[in-house]
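Here are my notes on this model, as numbered points. Please read them with the structure open.

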Amino acid sequence: MIDPDKVFGPEWQPGPDGLLFRRGARILIFDEFDRLLLIRGHDWGKAERSWWFTVGGGYRREEDARAGVIREAREETGILLGREDVVGPVGERSAVFDFALRTVRQDELFFYARVAGAAVDPAGLTGWETQLLDEYRWWHLDDLHEAQAAGETLYPSDLVPFAKWLVDGWDGTIRQLSGT
């Protein structure tokens, strides 16, 4: 059984709108074949509700977003990134979503990185993450587009065009992403 106090740790604080809120950092990790690494997870209390999402999560008060996303990548995937490997922020969004039987808000910065020959090792997951994260997959973007068209849920919902925009390199602008 998942303890909600462990899911919503100290980085989650009530926001001015009354929702639990935290700052988040996410990263689009591409391999040498232009595939994007995504994680599929499900919601606590609603195992039939699953979605694909980018690596990342909340960052701590003592971290900046770049340090937080580097730590999250290591914990969630075992992929070791240095500050120089992480490009951006390349995007941002504010998302309100249901998770662990609560409605929460997360303001996110998105980064990207390229890795070669990286194997995923989720040994750094927390106990509740091991219960909620179901699958890792390197996606070709056309396959990901087809999967979304066939009903797979992606967060953010505009992930595929965003990833296609980044795959050839970043032009220096920060894109506003959908909150869904």
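**Notes on the predicted model**

1. Arg-26 is buried, at a relative accessible area of 8%. The model is a predicted one, so that value counts as buried because the cut-off is under 20%.

2. Arg-26 belongs to strand β2. What does Arg-26 touch, not counting residues up to four places away in sequence? The list runs through Phe-53, Thr-54, Val-55, Gly-56, Gly-57 and Val-69, then Gln-106, Glu-108, Leu-109, Phe-110 and Phe-111. Glu-108 and Gln-106 deserve a look when you check this site.

3. Strand β2 (residues 20-30) runs parallel to strand β7 (residues 102-114), and eleven bridges join them. Phe-30 sits opposite Arg-114 of β7.

4. On β7 there is also an antiparallel pairing, with strand β6 (residues 87-99), over ten bridges. Here Val-87 faces Tyr-112 of β7. Two residues separate the strands in the β6 and β7 hairpin, and Ala-100 has a positive phi near 50° there.

5. Which residues touch the most other members of the largest nonpolar core? They are Ile-27, Ile-29 and Leu-81, in a core of 30 residues. Two or more residues come from each of β2, β3 (36-43), β4 (46-53), α2 (65-77), β7 and β8 (133-139).

6. Leu-81 is in contact with Ile-27, Ile-70, Ala-73, Val-86, Ala-113 and Val-115, leaving aside neighbours within four places in sequence.

7. There is a second, separate core of 21 residues. Its members include Leu-36, Trp-52, Val-90 and Leu-144.

Methods
Residues are numbered from 1 along each chain as its sequence is written. This is a predicted model: local features need pLDDT of at least 70, side-chain atom pairs count only at pLDDT 80 or more; totals for chains, interfaces and linings use all residues. Side-chain values use heavy atoms; hydrogens and water are left out. Two strands pair if DSSP finds at least two bridges between them. Helices (H or I, at least four residues) and strands (E, at least two) are DSSP runs, numbered from the N terminus. A nonpolar core is a set of buried Ala, Val, Leu, Ile, Met, Phe, Trp, Tyr and Cys residues joined through side-chain atoms within 4.5 Å. Buried means under 20% relative accessible area, exposed over 50%, partly exposed in between (1.4 Å probe, protein chains only). Contact means heavy atoms within 4.5 Å.
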